[in-house]
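Please open the model in a viewer and keep the selection panel at hand.

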Number of protein chains: 2
Amino acid sequence: MASLDRSLIAGLSVFEGIAAADLDRIVGQARSMRVARDQPVFEQEQEAHSFFLLLDGHVRVVKSTPDGHEVTVRYISPGELMGIAGALGRTTYPANAVAAVDCVVLAWPSHLWPTFATSFPSFSANTYKMVGSRLQDAHMRVIEMSTEQVEQRVANALLKLVKQSGRKTEEGILIDFPISRQDIAEMTGTTLHTVSRLLSAWEDQGLVKSGRQKVVVVEPHRLVVVAEGRGSKS
Amino acid sequence: MASLDRSLIAGLSVFEGIAAADLDRIVGQARSMRVARDQPVFEQEQEAHSFFLLLDGHVRVVKSTPDGHEVTVRYISPGELMGIAGALGRTTYPANAVAAVDCVVLAWPSHLWPTFATSFPSFSANTYKMVGSRLQDAHMRVIEMSTEQVEQRVANALLKLVKQSGRKTEEGILIDFPISRQDIAEMTGTTLHTVSRLLSAWEDQGLVKSGRQKVVVVEPHRLVVVAEGRGSKS
DNA sequence: GATCGAATTTGCCTTAGATCAAACAGGTGA
DNA sequence: TCACCTGTTTGATCTAAGGCAAATTCGATC
């Protein structure tokens with residue numbers, strides 16, 4: 001296996017404030033792995049043997065309910081940690097993580113977490129800061145679900161994806177991984193039919209351009225207007 | 001001010017695994033305060049100067065949206081921490097916390113957190129474990145909002161309240177603080193009208209007994225059936 | 001005990017969005 | 001090049017639950 005270099009992780013916000021030598025020690029204990037598109041990184045209820053850092057690609061985190069519904073919790077972008085169940089006192093993963101595209105991830109055995117946390121206090125502080133913002137996110141989701149209607153939620157979801165993984169093209173801002181109507185529906189608590197109708201309507205108005213597993217946001221500004229609830233109700 | 005005793009906090013799960021002498025040191029730096037019913041413990045966007053432990057009473061944590069909606073995030077029971085924004089890298093409180101009844105709380109200045117975290121590792125571990133379970137909770141809420149219908153969500157909310165703050169009476173299990181239809185609506189993302197209709201229907205079926213700001217669950221078992229989605233659709 | 005305000009109940013109507021159904025691409029592999 | 005599978009579009013209903021309005025009840029206060 002090629003030896004891993006600290007340059008892989010230097011500069012990531014989770015590792016901010018950590019000395020170069022320490023970064024080496026951290027990276028030295030990681031195992032790097034490739035995960036092919038649509039393959040799992042870890043699975044719900046499984047023993048949480050490792051925690052992960054996404055180096056390249058995009059990972060979808062999904063919870064399945066007993067009655068067969070799937071809810072997308074979040075998308076992970078390069079540089080983010082995932083599967084940190086151990087740091088929160090869990091022994092199993094709370095959700096499925098599947099690669100949205102071919103991915104490269106680093107994995108550390110979970111039992112290293114306590115050592116890392118005490119040896120590298122800024123690592124632990126940064127991690128808990130991230131946990132804090134995920135908690136914040138989750139609360140925002142609850143609030144959205146309680147107070148906004150589907151149109152606004154879908155607009156918000158697209159804007160979030162654009163901010164997180166948007167790539168500029170001549171047409172507009174492309175969401176940089178394959179994403180289906182069904183995926184968007186699972187992020188927003190609606191059905192693929194409704195998402196399809198919304199995208200069609202927005203396409204007619206020139207807000208977005210979309211195709212099979214692909215969405216390009218042409219006019220983010222106007223999408224923000226929709227997200228805020230004063231979309232043109234004629 | 002009466003001197004505070006470690007017996008106040010010994011035995012609480014957050015302080016599990018901490019030596020008696022350390023408990024003294026921790027309690028010694030707290031300030032105890034009373035909060036009258038309907039008064040705030042802390043407020044959204046406010047500078048997070050302190051974190052709190054609820055000793056007695058019940059606190060409702062509510063988020064307000066710009067457009068005037070209120071969403072209840074959770075109820076805090078005695079023994080739980082709240083306002084730990086600092087531990088998660090925030091400088092302001094993310095929500096309003098208001099006393100549902102007259103309360104007694106301990107408060108520590110936020111700047112003590114880092115010291116506490118390093119001096120009492122099990123305190124920090126316990127706290128993050130609790131954060132983990134709140135994150136879990138929040139995700140469960142999102143899933144409920146996405147996949148269940150109002151009837152199930154309201155049933156679930158009542159069951160959660162019963163588990164958390166139920167007190168046995170001859171009639172059934174009483175939710176041990178004043179709670180209005182509106183409050184329940186804000187917990188479940190619906191309207192007080194719908195909650196009222198549901199409670200009326202359940203009362204007719206003998207599932208609950210309810211009155212002004214009061215709910216008694218008479219038959220938890222049958223409420224569980226409703227919560228799981230196979231309530232008697234005649 | 002009379003009064004007043006807040007909480008609750010209920011009926012009726014409306015509607016956002018789910019469900020059902022069917023047709024329609026656009027890639028991929030043979 | 002064609003066939004096929006998966007993702008998408010669009011139309012036609014249907015319904016859970018929200019909105020509106022009005023009556024009612026319960027407690028607290030004077």
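Which residues of chain A does UniProt list for "domain: Cyclic nucleotide-binding"? The unreviewed entry gives residues 14–107 of chain A; UniProt positions follow the numbering used here, feature names are shortened, and annotations may be inferred rather than shown by experiment.

Before selecting them, note that this is a predicted model, in which local features need pLDDT of at least 70, side-chain atom pairs count only at pLDDT 80 or more, and totals for chains, interfaces and linings use all residues. Residues are numbered from 1 along each chain as its sequence is written, while chains are lettered from A and ligands numbered from 1 in the order in which they are written.

Now select residues 14–107 of chain A: this stretch is 10% helix and 41% strand, and its end C-alpha atoms are 15 Å apart. Helices (H or I, at least four residues) and strands (E, at least two) are DSSP runs, numbered from the N terminus.

Next, display chains A and B together. Here 27 residues of chain B are in contact (C-beta atoms, placed from the backbone, within 7 Å) with 27 residues of chain A. On the side of chain B that touches chain A, β5 (70–76) and α3 (121–147) of chain B each give two or more residues. The largest share, 16 residues, comes from α3(B).

Finally, select DNA strand D. It is surrounded by 21 residues (C-beta atom, placed from the backbone, within 6 Å of the strand); the closest are A:S180, A:S196, A:S200, B:Q149 and B:T194. Highlight α6(A), which supplies the largest share of this surface, six residues.

Notes. Two residues are in contact if their C-beta atoms, placed from the backbone, lie within 7 Å.
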